[in-house]
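Please view the structure first.

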Amino acid sequence: MASVGLRGGILCAVSLLNTAFVFISGADFIRFISFRAIYHNITGDTTLCQDSIPWSVALQDRSVLGSLLVDLGLLALFIMQHSLLARSPVKQALQSVLGPLNRTAYCFTTALALQIIMRYWRPVTGAPCLWSVRHTPWSIWFPLLCFSLHFLSWAIICSILMLFDYPELLGIKQVYYSFLGLRDPLTYKSPRAQRLLSHLRHPVCLELGVVLWLLPALSLDRLLLAGTLSTYLALAHSLDKQDLGYLCVQLSHKLQLVAEPQQDSDNISDDKEK
């Protein structure tokens, strides 16, 4: 009995530590992919590009090509991790080895891959920007507009993740169910929910598209980042009408649950007034 309790305690500690690492990595990624890029342009001046250098010269520069090659390798590492560990044979093999920590391991390796990208990413400063907003008054207002839309996009992304049962996404619920002697929480979901989750690997494609592309200045390395991740998101997206219908029904139910307490309180206040 003591060994079972010790094992459960270790699993819970590992899961909670992984959750903290994932949240820290997520915050770092938001700063890296969104707000740091806008901060460089918030005054209208940018050091991300060299517009005086012709494209023909920039694309022959070894430093430019070397940086792009390193960045492409980092993106390939992330895509391989994110896709390989999501394949059914690999998931089944890891499940037999890791048990309830399978989802935890997936989230950990995803956060680790993002940390590697952020640490070793090489900006390309020796080439022109594809676009750069530098003329007043847009040199001030457009970065502020980008900041506002990025903030709104990340707020929507976080809200959607909350709706999609984030303890299960992070692997916390799997460990908790195992501690209680229950099966994987996915097995308790309806067939329609399981079908949706098998198709919906990335539920925030539109918002991520805004974050990736809406910037005051688009450098060559940012084009590589935005283009690669956008293509990956598009290829991984496989929703159909049946999935969208199920999503609409579930969203309606959740909105009703949010509205019911307010309706009950209104009814109580009406009764008191009567």
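Leaving aside residues up to four places away in sequence, F32 touches A37, I117, M118, W121 and L225, where contact means heavy atoms within 4.5 Å. The model is a predicted one, in which local features need pLDDT of at least 70 and side-chain atom pairs count only at pLDDT 80 or more, while totals for chains, interfaces and linings use all residues. Residues are numbered from 1 along each chain as its sequence is written, and side-chain values use heavy atoms, with hydrogens and water left out.

F32, I33 and W154 touch the most other members of the largest nonpolar core, which has 21 residues; such a core is a set of buried Ala, Val, Leu, Ile, Met, Phe, Trp, Tyr and Cys residues joined through side-chain atoms within 4.5 Å. At least two residues of this core come from each of α1 (2-39), α3 (62-84), α5 (102-120), α6 (138-163), α10 (205-213) and α11 (220-236), helices being DSSP runs (H or I, at least four residues) numbered from the N terminus. Another core, apart from this one, has six residues, among them V64, L68, V124 and L220.

## A buried glutamate

E168 lies in helix α7 (residues 166-169) and is buried, with a relative accessible area of 9%; buried means under 20%, exposed over 50% and partly exposed in between (1.4 Å probe, protein chains only). Not counting residues up to four places away in sequence, E168 touches R103, K173, Q174, P185, L186 and K189.

## L180 in its loop

L180 is found in the loop between α8 (172-179) and α9 (191-199), and is partly exposed, with a relative accessible area of 45%.
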